[in-house]
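I opened the model today and went through it entry by entry. My notes follow.

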Amino acid sequence: MKNMIIFSTLILLFQVALYNCNAEKCDLKGKWKNELGSNMTISVIDKNGYFSGSYLTAVTTQKKVEIKKSPISGVMVPSSQPIFAFHVNWTFSDSITAFTGQCFVDSSGERLETMWLLKATAGSSDDNWASTRVGSNVFRRLI
């Protein structure tokens, strides 16, 4: 009986280890596109989880402005489905956006589910409330 319990335990541990080895991991590095058509590239991730790259938005509330690629920098907590945060310093406007989110892997592939907070320059403290926007985006990996 004791040998049967030990054998069953070993089989269970083997199955768990095999599952963990085969579990898909999300890799933030690469090219991503969200549902609005904005493109993001995460080009460098260092050993501490800090990353950089670029963001080319497909949308803006400003009229008659040339949209330009803008730099991003952020950090991730390494895991098979990492959480992360990054900011975009918009090169074509007086605003900055902070994103936070998590990478998920499922049968439809990798996706980054994010929430963001955009802060634009306000003319005065009375206008401060109108210069902040909140939203969410889902990015999918570009192949």
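What volume does the largest pocket have? I read about 430 Å³ for the largest pocket. This is a predicted model, in which local features need pLDDT of at least 70 and side-chain atom pairs count only at pLDDT 80 or more, while totals for chains, interfaces and linings use all residues. Residues are numbered from 1 along each chain as its sequence is written, and side-chain values use heavy atoms, with hydrogens and water left out.

**Entry: the pocket**

I noted how a pocket is defined: on a 1 Å grid over the protein atoms alone, it is an open set of points where a 1.4 Å probe fits, with protein on both sides within 12 Å along at least five of seven lines. Grid points are joined across faces, edges and corners, and the volume is the space filled by probe spheres set on the points. I then listed the lining, meaning residues with an atom within 4 Å of a point. The largest pocket has 20 lining residues. Val59, Thr60, Thr61, Trp90 and Leu118 lie nearest its centre. By type, the lining holds nine nonpolar residues, ten polar and one charged. Here Ala, Val, Leu, Ile, Met, Phe, Trp, Tyr, Cys and Pro are nonpolar, Asp, Glu, Lys and Arg charged, and the others, Gly among them, polar. S6, S7 and S8 each supply at least two lining residues.

**Entry: the fold**

The order along the sequence is α-β-β-β-β-β-β-β-β.

Next I checked pairing, which takes at least two DSSP bridges between two strands. S6 (residues 95–106) and S7 run antiparallel, joined by twelve bridges. A hairpin of two residues links S6 to S7. In this pair, Gln102 stands opposite Glu113 of S7. S7 also runs antiparallel to S8 (residues 132–141), with nine bridges. There Lys119 faces Thr132 of S8.

**Entry: Thr114**

Is Thr114 buried or exposed? Thr114, in S7 (residues 109–120), is buried, because its relative accessible area is 3%. Buried means under 20%, exposed over 50%, and partly exposed in between (1.4 Å probe, protein chains only). A polar atom of the Thr114 side chain lies 2.9 Å from the backbone oxygen of Asn137. Beyond four places in sequence, Thr114 has contacts (heavy atoms within 4.5 Å) that include Phe84, Phe99, Ser136 and Phe139.

**Entry: Ser38**

I found Ser38 in the loop between S1 (30–34) and S2 (39–45). Ser38 is buried, because its relative accessible area is 1%. The side chains of Ser38 and Thr57 make a polar contact of 3.4 Å. Such a contact is a pair of N or O atoms within 3.5 Å; within protein, one must be able to donate a hydrogen and the other to accept it, and residues adjacent in sequence count only if both atoms are side-chain atoms. The backbone nitrogen of Ala58 is 2.9 Å from a polar atom of the Ser38 side chain.

**Entry: Lys69**

Lys69 sits in the loop between S3 (50–56) and S4 (70–77). Lys69 counts as exposed, because its relative accessibility is 55%. Leaving out residues up to four places away, Lys69 touches Ser54, Tyr55, Leu56 and Thr91.

How values were computed. Helices (H or I, at least four residues) and strands (E, at least two) are DSSP runs, numbered from the N terminus.
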